[in-house]
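Please work through each task before reading its solution.

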Amino acid sequence: VLSDIPAHRELVSENSALLVDPRDHREVAAAIGTLLSNPDAARVRAVAALKIAEAWSVEKMAGRYEEVYRTVLH
């Protein structure tokens, strides 16, 4: 369950998270309830979210920066 803000939308989709209005506590509670009542769907979202998180790991981002620096140096 993530706040429906532009920064989160840049990284995730409806397939990997339930995006909710952070000012609406009922919507947040309902989203949590949805996940708790359907663990299989929650697991599918969790696997999709993990794939996204892995793409932004420290190791991968460091490799990307290194690639940029090497390109600039050449």
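A residue is called buried when its relative accessible area is under 20%, exposed when the area is over 50%, and partly exposed in between. The model examined here is a predicted one.

**Exercise 1. Classify the exposure of Asp-21 and of Arg-23, and state how their side chains meet.**

Step 1. The relative accessible area of Asp-21 is 24%.

Step 2. Arg-23 has a relative accessibility of 72%. Because exposed means over 50%, Arg-23 counts as exposed.

Step 3. The two side chains, those of Asp-21 and Arg-23, meet in a salt bridge with an N to O distance of 3.1 Å.

**Exercise 2. Determine which residues are linked with Arg-9 in a network of salt bridges.**

Step 1. Begin with Asp-4. Arg-9 forms a salt bridge with Asp-4, and the closest N and O atoms are 2.8 Å apart.

Step 2. Turn to Glu-14. Its side chain meets that of Arg-9 in a salt bridge, at 3.4 Å from N to O.

Step 3. Apply the cut-off. A salt bridge requires a side-chain nitrogen of Lys or Arg within 4 Å of a carboxyl oxygen of Asp or Glu.

Step 4. Asp-4, Arg-9 and Glu-14 are linked in a network of salt bridges.

Step 5. Assign the exposure of each member. Arg-9 is partly exposed at 42%, Glu-14 is partly exposed at 40%, and Asp-4 is partly exposed at 35%.

Step 6. A search of the whole structure finds 5 salt bridges.

**Exercise 3. Is Ser-16 buried or exposed, and which residues does Ser-16 touch?**

Step 1. Locate the residue. Ser-16 lies in the loop between helix 1 (6-11) and strand 2 (19-20).

Step 2. The relative accessible area of Ser-16 is 7%. Since this is under 20%, Ser-16 is buried.

Step 3. List the contacts. Leaving aside residues up to four places away in sequence, Ser-16 touches Arg-45, Ala-48, Ala-49 and Ile-52.

**Exercise 4. State where the charged end of Arg-64 sits, and how many aromatic pairs a search of the whole structure finds.**

Step 1. The charged end of Arg-64 sits over the ring of Trp-56, at 5.9 Å from the ring centre.

Step 2. For aromatic pairs, a search of the whole structure finds 1.

Conventions
Residues are numbered from 1 along each chain as its sequence is written. This is a predicted model: local features need pLDDT of at least 70, side-chain atom pairs count only at pLDDT 80 or more; totals for chains, interfaces and linings use all residues. Side-chain values use heavy atoms; hydrogens and water are left out. Buried means under 20% relative accessible area, exposed over 50%, partly exposed in between (1.4 Å probe, protein chains only). Rings of Phe, Tyr and Trp (its six-membered ring) pair if their centres lie within 6.5 Å; planes under 30 degrees apart count as stacked, over 60 as edge-to-face and the rest as tilted. A charge sits over a ring if NZ of Lys or CZ of Arg is within 6 Å of the ring centre and within 35 degrees of the ring normal. Helices (H or I, at least four residues) and strands (E, at least two) are DSSP runs, numbered from the N terminus. Contact means heavy atoms within 4.5 Å.
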